[in-house]
Amino acid sequence: MLPDITSLYRNWCCAAHARFIVIATALYPTTARLCVGYTGIMSSHGSTVKVYIRIRPTASFAHELIECLPDQQTLRVRSRKGSKKGKRNNHVRLFQLNGVLYNVSQEDLYDRVARSVVLGAFKGYNGTIMCFGQTGAGKTYTMTGAAETYKQRGIIPRAIQEVFQEVEQRADYTFSVHLSFLEIYNETMVDLLSSLKQGKAPGSGLFTVVEEPGGGVSVKGLSVHLVHNEEEALNLLFEGEMNRIIGEHALNKHSSRSHCIFTIHIESRSRTLSEAKYITSKLNLVDLAGSERLSKTGSEGQVQMEAMYINKSLSFLEQVILALADSRREHVPFRQSKLTHALKDSLGGNCNTVLVANIYGDASQIEETLSTLRFATRMKCVQTKPSINEHIDPVIQVKRLEKEIQFLKEELSSYNPLTNRLTNEILSETQVEEVRTQVQRYLSGSLDEIPIVSSTQIQEVFSQFKKVMLEQQKKLQEQLCQRNTRVEKAMNTTPSTVSEKSEGAVGEVESYGYGLGLAKSSQRHQQAVSPKSSKARNDKQINRKEVAAENSNVQPLTMSESDLTTHKPQPLEEQQPTTDSPPPKAEAFEDFKAEQGSEINRILKENKAVLSERTSQLRALTNVINVTKREIDHITSDLRQFREQRQGQGEFMSADGEPVLEVEELSLVMKLKELKNRYRQTYEELRTTETEIRYCAHLVNQCRMRLLTEFENWYNESFLLPGEVLSVLENGPVRPGHIPVDKALTLMEDDDPQEPHADTSSAVSYYNAYNRTLQRRGSRQVSQSPDSVRGSRSKMKLPPILSVI
Ligand SMILES: Nc1ncnc2c1ncn2[C@@H]1O[C@H](COP(=O)(O)OP(=O)(O)OP(=O)(O)O)[C@@H](O)[C@H]1O
């Protein structure tokens, strides 16, 4: 009889797992997959689900019913129950959890609830963060956040940011990050990313939950998308959010009608350790639909039917949690619903699981709040066994071992047992040729390794490598020379710009900072302009002047003084243009902004306005902070004086022997506390505004650069370049206006573009992805009738006024 495969495998792994995987695969061919998925060297420790309560902010918090105790982990809740005789009884219950979060910012919530789970994924632990609660209590706000505001982004966008920051920091690992987004709507599974073409296993439309060896589950048929950076990942998140089904009822205008599971799959391989070993992990970020009482939500028709499905699946979830929390229960009914089946490994498996239970603080919702708290308390008893998902890839492992054997054999053969010395003969011409061919094949990739035969052969291998490298270097230099010559030639056909300048025959260099030298009009080579192109150019100039004349009563735009910062008075020759000389750039720039560049100019102005508004906001916040700081100093000094005075009088004691504070001191302490809170909040706002300002400034700069580049192209095409040059450049990659810039780039190819600031880059990624999704939604809604668009009542609101070009 064959021994039990799992125990056999575990034993093998303890000794030298790598070698035995091969044997296990041979003995149990059908269980090869099991061996791949489970190395048996998982470190595991028992844990329970972490449970946090988040209370939705409200103006009418029922302090008489709900009390947050100072340990910030316990809620005391009073409910008024009617007794049999019609009297009302006060019933008090204590709920102790891992944290109670009230008036907590999105950032603090992420830090306390989610960060450790996300970082755990980089050690190979699966993680699940789940929001549960009554409809409208803030689950989507917690999980996704208010998408249109960077500061209010929720756990998912923050987790994405953290994942890519970690990927960047861990240079000794290679990572691949994949995403999937599942929706469970009326007990049917839907791929929220099926609208995207790319992705593995795209839309068969049939989804089944599959149980994997080792206890995991996955959804067969669900598309999985490779993402390389934060922005790509945010694009997918927003795309999926846009596709979610949203309904409206009395408690929530944008109520999620489905359960959603956003999964980040991470695979990492060490660059330095054994290449066959790798770890995987997945982060499930779950936004459950909210339970609802039809009497309160007033749902009807479709929304009512959805509510019934939601309530039913949540009651199955409660049954599973009851079974998991009860150690005597052997069977857990995971398969009763799609939701519980899909979350099987998150609820009772090898996962760091966190539940955020969202509740209202209002008296009118106390029954639902109690029900959520009861669920949360049960969930806290559920045991999980987080373990590292380490794998050995048997195929790579076999290859590695084969290589090792080959290497050992070669080492043995190069050792001469008779003389006890390394062989050191001189290689024949044929042998040298053979080594040369081997090196060539090795470099081209057709040979995996060069077999080592002797030390002389090793020397020859090195010498061949050196030859190849020197040859390459020579070739590269030649190619560069040829290319530079070609560029020079191309430049020489643009006589007024580059060639004359390099010969020292140009006139004034314009001081706009465009890097473009203009010859004096008298020195311009009019002979290079063909009659045809010259006519076309004159036509353009006439046309331009006509439009300018028509627009002469239009208010001048204000961009010029800031964008043409280094503008100096033009030489006389330039101010009085002849028919063939181009107009002064400042004048042409004004015309350009009124005509072809009007759209970019408009966006630039809008973005500048936003920037200036944010800057004033920043100034106001700085003022508040300064004033608050002064007040804090003032009160602190008053308090110190007061205490010094009081010390002289001796301490006041209560009847119980406790020190007693005087009214005046107490009021100072309270005031100080309030001021410190205000200081902290304003400081937080200040930081966010700073990030926004950096982002706005980035956009303004981008617009300004675009305006100037477009202007430069237009100016060159309209007035400077002869028709011949234009037609040569027409089909090439270089636009006419780019010639001087391009030349500069050719000469300075080593210069890297500047890295954007880390904070700004994250905000930029966020807004870019968000704006792009809105554009996609816009174009889809144009092409389809609004009723047929899934998620047309999406929670994503209109974009901020910032425009990215
Ligand atoms: N902590 C909070 N701070 C500020 N606004 C909040 C908070 N929690 C919820 N809200 C607001 O309350 C409204 C309802 O929240 P949300 O849509 O997240 O509820 P939900 O629990 O997901 O509801 P449903 O289950 O019906 O989808 C939203 O407008 C949201 O912005």
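Helix α3 (residues 106-121) packs against helix α5 (residues 155-169) at an angle of about 45°, and their axes are 10 Å apart. Axes are lines fitted to C-alpha atoms, for helices over the stretch in contact, and angles run from 0 to 180 degrees between N-to-C directions. The pair α3 and α5 is therefore oblique; on this scale, angles under 35 degrees are roughly parallel, those over 145 roughly antiparallel, those from 65 to 115 roughly perpendicular, and the rest oblique. The crossing of α3 and α5 is right-handed, meaning that the near helix is turned clockwise from the far one by less than a right angle, with anticlockwise giving a left-handed crossing.

A word on the model itself. It is predicted, so local features need pLDDT of at least 70 and side-chain atom pairs count only at pLDDT 80 or more, while totals for chains, interfaces and linings use all residues. Residues are numbered from 1 along each chain as its sequence is written.

Helix α21 (residues 663-720) turns up in two further packing pairs. With helix α20 (residues 598-649), its axis comes within 7 Å and the two cross at roughly 160°. That makes α20 roughly antiparallel to α21. The contact of α20 with α21 has 26 nonpolar, nine polar and 16 charged residues, where Ala, Val, Leu, Ile, Met, Phe, Trp, Tyr, Cys and Pro count as nonpolar, Asp, Glu, Lys and Arg as charged, and the others, Gly among them, as polar. In handedness, α20 passes α21 in a left-handed crossing. With helix α19 (residues 585-594), the axis of α21 comes within 11 Å, and the crossing is at roughly 110°. So α19 and α21 are roughly perpendicular to each other, and their crossing is right-handed.

Within α21 sits E664. This residue counts as exposed because it has 12 C-beta neighbours inside 10 Å; the cut-offs are 20 or more other C-beta atoms within 10 Å for buried, 12 or fewer for exposed, and partly exposed in between, with C-beta atoms placed from the backbone. E664 and F642 are 22 residues apart along the chain, and their C-alpha atoms are separated by 8.8 Å.

Most residues other than glycine have a negative phi. N186, not a glycine, has a positive phi of about 45°, and E187 has a positive phi as well, near 65°. N186 lies in the loop between β8 (173-185) and β9 (188-191), and E187 is placed in the loop between β8 and β9 too. N186 is partly exposed, with 17 other C-beta atoms within 10 Å; E187 is also partly exposed, with 13 C-beta neighbours inside 10 Å. A glycine with positive phi, G445, follows α13, at a value near 95°.

Notes:
Helix = DSSP H or I, 4+ residues; strand = E, 2+ residues; numbered from the N terminus.
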